[in-house]
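Hi,

Here is the structure I promised to pass on.

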Amino acid sequence: MMHRAAPPGRLLMAALLAAGALVALAPTPASAADTTVTVNLAQRGKVPTRAGAGFLYGLSQDGAGPADSLLQPLRPTLFRGGGARIAGHGWIGDGYAAGSGYQVRLNSAVAQARRVTAAPYNATYHLLVSDVWGADTEQPANTVYPCDNGDCTNWRSFITRLVTDVKASGVPARYDIWNEPDGTGFWPRGVNSAQYYQMWNTAVTEIRRLDPQAVIVGPSYSGYNHGWLDAWVARTKADGILPNVLNWHFGIDPAADAADAKAILTARGVAQLPLTIDEYLFSQQQHPGYLAWFLDRLAVSDVSAAAHAIWSDCCVAGTLDSVLWNGQPTGQWWVYRAYAQMTGNVVSTTNGNGMAVAATIDPAAGRAVALLGNQNGQTGTTTVAFTGVTDFVSNGRVRVTVQRIPNQSPLPGPIVVSSADLPVTNGALNVPVTVQSGTDAYTVTLGAPLDAGEQGGPLVIDANSPDFTYGANWGLTTGVPDMYAGTANWSFVSGATATFRFTGTQVALRAVRDVDQGRMTVAVDGGTPTTVDNYAPARNASGVVWTSPVLPNGAHTLTIVNTGQRNPSSSGTNIALDRADVTRAAVQTVDGTGPGFAYGANWGLTTGVPDMYGGTANWSFTAGATATFTFTGTRVALHAVRDVDQQIMALSVDGGAEVLVDNYAASRNASGVVWTSPALAGAQHTLRIRVTGTKNAAGSGWNVAIDSADVTP
């Protein structure tokens, strides 16, 4: 917990080739039972608190790292620190006085708190008092602990100096008095011992004497323990030294633990206190699947804030532990990003068979978001059963986007599994999600299509997908833990060729770099081959080994050939492909007066319309009036006015069957998507719009008003 355990080592796998034979790698065992979780969008509750968006020791020593561009999207609410492991050993390193060791830790904590408690974060900072004192598991064996032999004099002096300095800094830090005081390396004087209560009483009394408005956090046990907490509440209540915030670490289920803690307070006659978890996720749980599960449980709990634990990067690396990798987002970062986008109101959900779901709906933002995570390596198919689906529905359909967040470091973005308009029947919709790995998290979003940034950037395509084609002398290995989708497509034969067909503007190829890897050539559309050397002294199974130049938007073919050659330092000529990242052209929005739109007789134009794209409306009241939009792409979405005076129009693509679209609405939406085409061939198409002269019985008028169109390349 925290930084008590040694940092977990990198997961290493055997070389793909050994003595000319492929080494079989056993897949990680996982449950494959199918299950169903439910989301009732009609039962809306509290505003999301983002309780889990907190970090222990996540910042750099001066508080400046990570950059705002990486931190702000996560909308963090809590940080915790106190300068642990900074050279000097704090107060005890200065001979139990305020010297340079104390000052450097205090300065770090104040700098961190100053950044994150101010706008735009406005987060809470828990100052670990025991860290500044020096109890970070590196204190010497002969350490004199607070109140040893009944003498609390020096401890009181330390608290006086610390509170005085914090007040002088002006930062609104909260005091977390002692980290994990239950027989660990931080406090070897016994859980709930008489000396512990002396230490706690002295600190609380002195802090409140010097700063009556101070917020005190405790007891910060290393795990949720009913017996410890019950005894602690009883004793601190009797002594008049209860904290302002009740705190613990880890636990089995934050929702159940919070309910138990509230019951303890009630039984002991204590008014309910805010609840926080200042450390959660053990090292083996730090992957998207479990993180999403824990965040889901936090979302429905009474925990007000919680902080991601630290294991591999203690304590001032500025990486949020394993949430960032070489300054780039990991799968965990994207889970926190999805969690931050869960705005509006929390809705009612139920879990199933190890899978947890939390969901929110935000009509103002035009979306409902469900986050899926698992506790026990669950795979198989999880069906998300939505009910109460009334918002965002158009012509009986709603846009549903499923995204996968794999356990990858770094990860350029979530993978769009599917995005389509699906039918809603009596407010109900079932969305099956096939979970590829027990470490995956998923989001299911209902509403308007997401923008390019939210869709996760490049399209990620596994090398074992149908878009890759392999000639002779290629093999496949599954269950490879450090490769995308757990698969490796490999060859050690000179001349072995693979092709990858894609549509986009750029491609980045990912392959294994290791001590036994050889050289390959890559070429786009029959161009001049480029040689890529995949040798490396240390393994990187999924890094980018080559990126194409920017290409014209369209269909392309990448050809990969094993040269049979190798770096002199390499022990083999293997080539092992992981995946490809395809950059696609952004969706293009075309105003209704823009290129491609053509209007026949009986259409008018109004300008200066403030709630429409480009400020223009192309309109007609006349039955039979037609307009066309000619475009090149794979899909088109039409934006038009929905209002009480709008009628029914008919749409068709390339002369196909017409689809009727009713533009009546009880309240105005001038620029929403009213219809989206099915997927089309990447070619030129024509959308035809016809005014039908019919209307909804509730409508008061006969207008059709065109706003714009979105074209997907």
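Below is what I found, starting with the overall picture and then going residue by residue.

A word on the ground rules: this is a predicted model, so local features need pLDDT of at least 70 and side-chain atom pairs count only at pLDDT 80 or more, while totals for chains, interfaces and linings use all residues. Residues are numbered from 1 along each chain as its sequence is written, and side-chain values use heavy atoms, with hydrogens and water left out.

**Overall**

The protein has 10 helices and 43 strands (DSSP runs, H or I of at least four residues for helices and E of at least two for strands, numbered from the N terminus). Its radius of gyration is 30 Å against the 27 Å that the globule rule gives for 713 residues, so it is as compact as a globular protein of that length (taken over C-alpha atoms; the rule is 2.2 Å times the number of residues to the power 0.38). Along the principal axes, the C-alpha atoms fill a box of roughly 95 × 75 × 45 Å. Buried residues make up 54% of the 713 (buried is under 20% relative accessible area, exposed over 50%, partly exposed in between, with a 1.4 Å probe and protein chains only). Of the contacts between residues at least 6 apart in sequence, 76% join residues at least 24 apart (contact means heavy atoms within 4.5 Å).

**Salt bridges**

There are 25 of them in the structure (a side-chain nitrogen of Lys or Arg within 4 Å of a carboxyl oxygen of Asp or Glu). One pairs Arg-105 with Asp-136 at 2.9 Å, N to O. Arg-105 sits in helix H3 and Asp-136 in the loop between helices H4 and H5, so the pair ties together parts that are 31 residues apart in sequence. Both Arg-105 and Asp-136 are buried.

Another joins Asp-581 and Arg-510, with the closest N and O atoms 2.7 Å apart. This pair links strand E32 to strand E27, 71 residues apart, and again Asp-581 and Arg-510 are buried.

Then there is Asp-533 with Arg-519, at 3.4 Å. Here Asp-533 counts as partly exposed at 22% relative accessibility, and Arg-519 does too at 24%. Arg-80, Asp-176, Asp-278 and Glu-279 are linked in a network of salt bridges.

**Arg-642**

This one is worth a look on screen. Arg-642 is in the loop between strands E38 and E39, and is buried yet has no salt bridge; the nearest side chain of opposite charge, Asp-662, is 6.6 Å away (Lys and Arg count as positive, Asp and Glu as negative; His and the chain ends are not counted). The backbone oxygen of Asp-662, though, lies 3.4 Å from a polar atom of the Arg-642 side chain. Beyond four places in sequence, contacts of Arg-642 include Ser-394, Asn-395, Tyr-664 and Val-674.

**A few other spots**

Asn-618, in strand E36, is buried at 6% relative accessible area, and a polar atom of its side chain lies 3.4 Å from the backbone oxygen of Gly-592. Leu-229 belongs to helix H7 and counts as buried at 1%; among the residues it touches are Pro-219, Tyr-221 and Ile-264.

Gly-45, in the loop between strands E3 and E4, counts as partly exposed at 39%. Gly-45 and Asn-345 are 300 residues apart in sequence and 5.8 Å apart in space, C-alpha to C-alpha.

Cheers

Technical notes:
Polar contact = N/O pair within 3.5 Å; in protein donor to acceptor, adjacent residues only side chain to side chain.
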